[in-house]
Amino acid sequence: MAVEPSSPDSHADPSDQTDSDLHWMSYALELAEKAGVAGEVPVAAVIVRGGEVVSEAHNRTVTDADPTAHAEVVAIRAAAAAQGDWRLLDTTLYVTLEPCAMCAGAIVLARVPRVVYATADPKAGMAGSLENLLQDDRLNHRCDVTSGVLAERSSTMLRDFFRARR
């Protein structure tokens with residue numbers, strides 16, 4: 001379920017996935033499973049720098065009664081607080097679902113240089129599905145984007161979660 005690139009260079013080829021990408025996305029998917037068990041939509045994010053976790057989070061919108069408590073935003077807030085700087089330079093954000101507009105905006109504002117996501121979100125994705133805020137030339141920061149890392153595992157988890165809710 002990888003997003004079709006909007007231009008030839010807009011997304012890295014899935015064959016460019018590294019062992020590190022697979023490792024961290026697998027870790028994010030484990031966190032997403034915990035979110036699902038807690039009744040949250042099973043989405044998680046991990047911010048990594050130099051092979052070390054800077055922060056990690058899963059969706060908390062239900063738990064916190066906060067519509068902005070998406071995994072990416074919670075992880076960005078935690079990473080900025082941990083390092084005492086809002087600029088998340090030299091990091092990679094791994095997220096199990098393509099970021100929405102709010103999350104993509106937060107990613108750009110935090111100056112995250114690289115985003116790796118698992119499955120596309122055709123209804124709300126802003127990293128290539130609906131638009132591509134992460135790589136918009138009009139903005140002052142653009143991210144490298146790799147999509148489709150462990151996409152089927154993430155897609156199945158989301159599909160199963162919503163199927164069980166119906």
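Reader: In which loop is the place of R111?

Author: In this predicted model, R111 sits in the loop that runs between α4 and β4 (114-119).

Reader: Why does A65 count as exposed?

Author: A residue is called exposed when its relative accessible area is over 50%. A65 has 68% relative accessibility, so A65 counts as exposed.

Reader: What makes K123 count as exposed?

Author: The cut-off is again over 50%. K123 stands at 75% relative accessibility and therefore counts as exposed. K123 belongs to the loop between β4 and β5 (144-147).

Reader: Why does T18 count as partly exposed?

Author: Partly exposed covers the range between the 20% limit for buried and the 50% limit for exposed. T18 is at 36% relative accessibility, so it counts as partly exposed. T18 is found in the segment before α1. A polar atom of its side chain lies 2.9 Å from the backbone nitrogen of D21.

Reader: Why does that pair, T18 and D21, qualify as a polar contact?

Author: A polar contact needs a pair of N or O atoms within 3.5 Å, one able to donate a hydrogen and the other to accept it. The T18 side-chain atom and the D21 backbone nitrogen are 2.9 Å apart.

Reader: Why does T91 count as buried?

Author: Buried means under 20% relative accessible area. T91 has 2% relative accessibility, so T91 counts as buried. T91 lies in the loop between α3 (71-83) and β3 (92-97).

Reader: Which residues does T91 touch, not counting residues up to four places away in sequence?

Author: T91 touches I47, V48 and R49, and also V112, P113 and R114. Its side chain has a polar atom 2.6 Å from the backbone oxygen of L88.

Reader: What makes S55 buried?

Author: The limit is under 20%, and S55 has a relative accessible area of 6%, so S55 is buried. S55 is placed in strand β2 (residues 52-58). Its side chain reaches the backbone oxygen of A75 at 2.7 Å. Apart from neighbours within four places in sequence, S55 is in contact with A45, V46 and I47, together with A75, A78 and A79. The C-alpha atoms of S55 and V74 are 8.9 Å apart, while the two residues are 19 apart in sequence.

Reader: Why are α3 and α4 described as roughly parallel to each other?

Author: Angles under 35 degrees count as roughly parallel. The axes of α3 and α4 (residues 101-109) cross at roughly 25° and come within 9 Å. The two helices are therefore roughly parallel to each other. Their crossing is left-handed. The meeting residues are E72, V73 and I76 in α3, and M102, C103, A106 and I107 in α4.

Reader: Why are α1 and α5 roughly parallel to each other?

Author: Helix α1 (residues 19-37) and helix α5 (residues 151-165) pack at an angle of about 5°, with axes 11 Å apart. α1 and α5 are therefore roughly parallel to each other. From α1, S26, L29, E30, A32, E33 and G36 take part; they meet R153, S154, M157, F161 and R165 in α5.

Reader: How many helices and strands does the protein chain have, and what pattern does it follow along the sequence?

Author: The chain has 5 helices and 5 strands. Read along the sequence, the pattern is α-β-β-α-α-β-α-β-β-α.

Reader: What share of the residues of the protein chain count as buried?

Author: Of the 166 residues, 47% count as buried. The accessible surface of the chain comes to about 8100 Å², and 53% of that area belongs to carbon and sulfur atoms. As for contacts between residues at least 6 apart in sequence, 62% join residues at least 24 apart.

How values were computed. Residues are numbered from 1 along each chain as its sequence is written. This is a predicted model: local features need pLDDT of at least 70, side-chain atom pairs count only at pLDDT 80 or more; totals for chains, interfaces and linings use all residues. Side-chain values use heavy atoms; hydrogens and water are left out. Helices (H or I, at least four residues) and strands (E, at least two) are DSSP runs, numbered from the N terminus. Buried means under 20% relative accessible area, exposed over 50%, partly exposed in between (1.4 Å probe, protein chains only). Contact means heavy atoms within 4.5 Å. Accessible areas come from the Shrake-Rupley method with a 1.4 Å probe; for residues, only the protein chains shown count as cover. Axes are lines fitted to C-alpha atoms, for helices over the stretch in contact, and angles run from 0 to 180 degrees between N-to-C directions. Angles under 35 degrees count as roughly parallel, over 145 as roughly antiparallel, 65 to 115 as roughly perpendicular and the rest as oblique. A crossing is left-handed if the near helix is turned anticlockwise from the far one by less than a right angle, and right-handed if clockwise.
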